[in-house]
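Biologist: Please bring up the sequence and the model. I have a list of questions.

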Amino acid sequence: MEQFAHALADFVRVHQAWAAPIVFLLAFGESLAFISLLIPAWGALVAIGALIGVSGISFYPVWIAGGLGAALGDWVSYWFGYRYKEKVAQMWPLSRYPDLLPRGEAFVRSWGIPSIFIGRFFGPFRASVPLAAGIFEMPYWSFQAANFVSALIWSAVLLLFGDVLAKIMEWIWRVI
């Protein structure tokens with residue numbers, strides 16, 4: 001996975017016009033139920049964030065692309081859970097992780113709308129919370145409001161984390 005993140009960051013460094021579309025796709029995949037369990041993309045998002053300050057890539061288009069990609073991924077996951085309900089637990093790969101969906105359900109039921117914000121920042125919950133919210137019919141507009149706001153915050157945090165790391169590393173190299 002680390003090699004993938006580096007290769008993608010190198011591609012974006014050379015082809016800066018592709019930064020926003022690539023971040024959109026990475027955030028979409030990272031937030032989409034099933035896919036995010038197989039291919040975590042957060043490392044590539046942080047690596048691309050590291051390029052923002054040092055290569056002159058504009059933060060805002062990349063940030064918005066990441067937020068929209070993440071929100072769309074969760075939106076599709078919510079719809080999938082809403083549409084297929086209990087059948088989802090029998091589908092691969094969730095059938096291989098039988099505890100994931102019940103944990104997501106308990107989390108959504110106990111935390112409500114804040115579960116969307118919290119779940120966005122915690123690995124396996126990122127995939128299961130929107131799915132569980134759809135299965136257990138969290139009100140649509142409440143879900144979407146929390147979904148879009150949390151997606152924009154999540155995108156900013158990952159990209160800015162990468163940017164800050166790059167600045168720290170640059171400072172360390174100057175000192176050494």
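Biologist: What is the relative accessible area of R103?

Modeller: R103 counts as partly exposed. The classes are buried under 20% relative accessible area, exposed over 50% and partly exposed in between, with a 1.4 Å probe and protein chains only. R103 falls in the middle class because its relative accessible area is 45%.

Biologist: Which pLDDT must side-chain atom pairs reach to count?

Modeller: Numbering runs from 1 along each chain as its sequence is written, and side-chain values use heavy atoms, leaving out hydrogens and water. The model is predicted: totals for chains, interfaces and linings use all residues, local features need pLDDT of at least 70, and side-chain atom pairs count only at pLDDT 80 or more.

Biologist: Back to R103. How far apart are the C-alpha atoms of R103 and S128?

Modeller: R103 sits in helix α6, residues 100–111. Helices here are DSSP runs of H or I with at least four residues, strands are runs of E with at least two, and numbering starts at the N terminus. Along the chain, R103 and S128 are 25 residues apart. Their C-alpha atoms are separated by 8.3 Å.

Biologist: G81: buried or exposed?

Modeller: G81 is found in helix α5. The relative accessibility of G81 is 0%, so G81 counts as buried.

Biologist: How many aromatic pairs does the structure hold?

Modeller: Rings of Phe, Tyr and Trp (its six-membered ring) pair if their centres lie within 6.5 Å. Planes under 30 degrees apart are stacked, over 60 edge-to-face, and the rest tilted. By that rule, the number of aromatic pairs is 13.

Biologist: What is the angle between the planes of W75 and F148?

Modeller: The W75 and F148 rings lie 6.0 Å apart, centre to centre. The pair is edge-to-face, and the angle between the planes is 80°.

Biologist: How many residues apart in sequence are the parts that this pair ties together?

Modeller: W75 is in helix α5 (residues 59–84) and F148 is in helix α9, so the pair ties together parts of the chain separated by 73 residues. Relative accessibility is 32% for W75, which counts as partly exposed. F148, at 28%, also counts as partly exposed. The sequence separation is 73 residues.

Biologist: What lies over the face of Y82?

Modeller: Y82 belongs to one aromatic cluster with W75, Y78, Y140, W141, F143 and F148. A charge sits over a ring if NZ of Lys or CZ of Arg is within 6 Å of the ring centre and within 35 degrees of the ring normal. R83 does this over Y84, at 5.0 Å from the ring centre. Over the face of Y82, at 4.1 Å from the ring centre, lies K85.

Biologist: What is the volume of the largest cavity?

Modeller: A 1 Å grid over the protein atoms alone defines a cavity as points where a 1.4 Å probe fits but cannot get out; a pocket is an open set with protein on both sides within 12 Å along at least five of seven lines, and lining residues have an atom within 4 Å of a point. Grid points join across faces, edges and corners, and a volume is the space filled by probe spheres set on the points. There is 1 cavity of 30 Å³ or more. The largest cavity has a volume of about 30 Å³.

Biologist: Which helix gives the largest share of the lining of that cavity?

Modeller: The lining includes D74, I116 and F125. Both α7 (114–120) and α8 supply at least two residues. The largest share, 4 residues, comes from α8.

Biologist: Which residues are closest to the centre of the largest pocket?

Modeller: The largest pocket has a volume of about 350 Å³. Its lining has 15 residues, and the closest to its centre are H6, V46, A47, A50 and L165.

Biologist: Which helix gives the most to that pocket lining?

Modeller: α1 (2–14), α4 (42–55) and α9 (140–175) each supply at least two residues. The top contribution is 6 residues, from α4.

Biologist: How far apart are the C-alpha atoms of V164 and A50?

Modeller: V164 lies in helix α9. Along the chain, V164 and A50 are 114 residues apart. Their C-alpha atoms are separated by 7.1 Å.
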